[in-house]
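Me: Could you take me through how some helices pack in this model, beginning with the terms involved?

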Amino acid sequence: MTGQILQRLPGMAMKARRAIARRSLVHRDAVVGYLLLLPLLGGLLLFRVYGFGYNIWLSFMNAGAFGAPKFAGLDNYQKLLGDTQLRVAIANTFKFAGIAVPGVILVSLALATLMQHRFRGQSAFRAIVFLPAVCLPTAAILVFGWMFQTQYGLVNSALQAIGAAPVSWFGSAAGVTVVVSLLVIYLSFSVPTIILYAGMQEISPNLYEAATLDGAGPARQFLSITLPLLTPSLFFVIITTTIGALKLFDVVYVLLPPVDHSVSLNYGFTLVYYYFYLAFLETGQRGYAAAVSLVLLVIILAVSIVLMRLQRRFVHYGEHG
């Protein structure tokens, strides 16, 4: 017995050395992995975690454009409760999200449905659909501003060509609403279209064949098969588009620059993010601006929670969902 154990000792030692070598290799790979993650984690801690904490701290301070912040307690939040302009900004934000989000969803759904069919120029059509996603947003905003310019704009020239009167698009709240809504829909529909198209590819063709045999037409198939099975993708598109619409800033800022604050105020386009910008940079109320940004955070959280609740009722994840 002792002799057999002595004969096995070299093999056991070899196995032990191999196990130690494997553990060392795994440990070294783990260390290298964590070292590669350090820049990302450092940026996350510095710009996200620290920035968020500093913003909360600043909201309790009386901080102007210059000088050290002074503790103000809940003064900024009490000021928020009595700020009528902020109420207008919140109402405008919800109004605009109520216009832009359905527009983006409907356009994306229509384009994704068209992309399912084969036709001449299909590749060019797909390139055009994805074009807004790769365009510089500022360039697209400036082009839209030129197209809807009152005197020399392309849209008014087309209206005059058919005998209609030119429209002062930037001279009324309704005109600005139309231009901004069209612009946001144009800038936002590409990625949702791709997501919905990918979701449509996951639907089994057997379902459509069975529906065709039962006499269901294209509209019936879309309503009874495509739309219910597409609800997971639709929900993702709705929640991301809604959050993006609530955070809208660049379109209004570039299209209606704050040279004259009355422009955006009179046209009902002082959104919450825009109001934060005015408070932070234009009037130098850093503490109050921080409180405004937290209001926007609460709004986005509340809307997201409502949508997540509705998800349980309307989103179909299949048999295993």
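Reply: A crossing is called left-handed if the near helix is turned anticlockwise from the far one by less than a right angle, and right-handed if clockwise. The model is predicted, so local features need pLDDT of at least 70 and side-chain atom pairs count only at pLDDT 80 or more, while totals for chains, interfaces and linings use all residues. Residues are numbered from 1 along each chain as its sequence is written, and side-chain values use heavy atoms, with hydrogens and water left out.

Me: What is the handedness of the crossing of H14 and H15?

Reply: The axes of H14 (residues 272-282) and H15 (residues 286-314) come within 8 Å and cross at roughly 165°. H14 and H15 are therefore roughly antiparallel, a term for angles over 145 degrees. Their crossing is left-handed.

Me: How many charged residues does the contact of H14 with H15 have?

Reply: Residues of H14 including Tyr273 and Phe276 meet residues of H15, among them Arg286 and Val292, where contact means heavy atoms within 4.5 Å. By class, this contact has 11 nonpolar and one polar residues, Asp, Glu, Lys and Arg being counted as charged. The number of charged residues is one.

Me: Which backbone nitrogen does the side chain of Thr93 reach?

Reply: Thr93 lies in helix H3 (residues 84-115) and is buried, with a relative accessible area of 3%, where buried means under 20% with a 1.4 Å probe and protein chains only. Leaving aside neighbours within four places in sequence, Thr93 is in contact with Leu246, Leu271 and Val272. At 3.0 Å, its side chain reaches the backbone nitrogen of Val272.

Conventions
Helix = DSSP H or I, 4+ residues; strand = E, 2+ residues; numbered from the N terminus. Buried < 20%, exposed > 50% of the residue type's maximum accessible area, 1.4 Å probe, protein only. Polar contact = N/O pair within 3.5 Å; in protein donor to acceptor, adjacent residues only side chain to side chain. Axes fitted to C-alpha atoms, helices over the stretch in contact; angles between N-to-C directions. Parallel < 35°, antiparallel > 145°, perpendicular 65-115°, else oblique.
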